[in-house]
Amino acid sequence: MSIRKAIWGEQLEAIEQNLSEVDPDLYGYIRDFAYEEVLAREGLDLKTRELLAITSLIALGSPKELATHLEGALRNGATEQEIRETIIQSALFVGFPNALGAMKMLHATLRKRHADER
């Protein structure tokens, strides 16, 4: 399974289409280098990589990408508690307002997942 499928799940086609529409060349770099080379490296499991991505995206203030990687972390074995702890830890380094925004996004993600399960 590709790393993109492991992270994006059922949103794979929609995300690929959106990225391709923005710029096919940039999407090629994201697809080939970021996902299929860097994220596929040995040394860290995908859950850990997703938790690190969450911290980085909180720091960058990238909510759309953060939502994608919150889902990716859950899809790759991170528990709700592990994600909450990651967000709380990030508050020390990137600020409480950023962490609060991320926690709100986690709540929204979890609500959506629970609604989809019904």
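Select helices H6 (residues 80-94) and H7 (residues 96-117) to start: the two pack at an angle of about 165 degrees, with their axes 7 Å apart. The model is predicted. Angles over 145 degrees count as roughly antiparallel, and H6 and H7 are therefore roughly antiparallel to each other. Their crossing is right-handed.

Stay with H6 and select Leu 92, which is found in this helix. Leu 92 has a relative accessible area of 60% and is therefore exposed, the cut-off for that class being over 50%. Together with Leu 92 they form a nonpolar patch on the surface, with about 420 Å² of accessible area among the three residues.

Next, move to residues 80 and 84. Glu 80 and Arg 84 form a salt bridge, with 2.7 Å between the closest N and O atoms. Both residues belong to helix H6, and because they are four residues apart, about one helical turn separates them. Glu 80 counts as partly exposed, at 33% relative accessibility.

How many salt bridges does a search of the whole structure find? The count is nine.

Select Arg 4 and Glu 36. Their side chains meet in a salt bridge, at 3.1 Å from N to O. Arg 4 lies in helix H1 (residues 3-8) and Glu 36 in helix H3 (residues 24-38), so this contact ties together parts that are 32 residues apart in sequence. Is Arg 4 buried or exposed? Its relative accessibility is 12%, so Arg 4 counts as buried, the limit being under 20%. Glu 36, at the other end of the pair, is partly exposed, with a relative accessible area of 28%.

Now select Glu 10 and Arg 75. A salt bridge joins the two side chains, at 3.5 Å from N to O. Glu 10 sits in the loop between H1 and helix H2 (12-22), whereas Arg 75 is in helix H5 (residues 63-75); the pair links distant parts of the chain, 65 residues apart. Glu 10 is exposed, with a relative accessible area of 61%, while Arg 75 is partly exposed at 25%.

Which residues do salt bridges with shared partners join into one network? They are Glu 10, Glu 71, Arg 75 and Arg 113.

Definitions and conventions:
Residues numbered from 1 in each chain as written. Predicted model: local features only at pLDDT ≥ 70, side-chain atom pairs only at ≥ 80, totals over all residues. Heavy atoms only, no water. Patch = residues over 30% accessible without salt bridge, like charges linked within 9 Å, V, L, I, M, F, W, Y side chains within 5 Å. Areas by Shrake-Rupley, 256 points an atom, 1.4 Å probe, with all protein chains shown as cover. Salt bridge = Lys/Arg side-chain N within 4 Å of Asp/Glu carboxyl O. Buried < 20%, exposed > 50% of the residue type's maximum accessible area, 1.4 Å probe, protein only. Axes fitted to C-alpha atoms, helices over the stretch in contact; angles between N-to-C directions. Parallel < 35°, antiparallel > 145°, perpendicular 65-115°, else oblique. Left-handed = near helix turned anticlockwise from the far one by under 90°.
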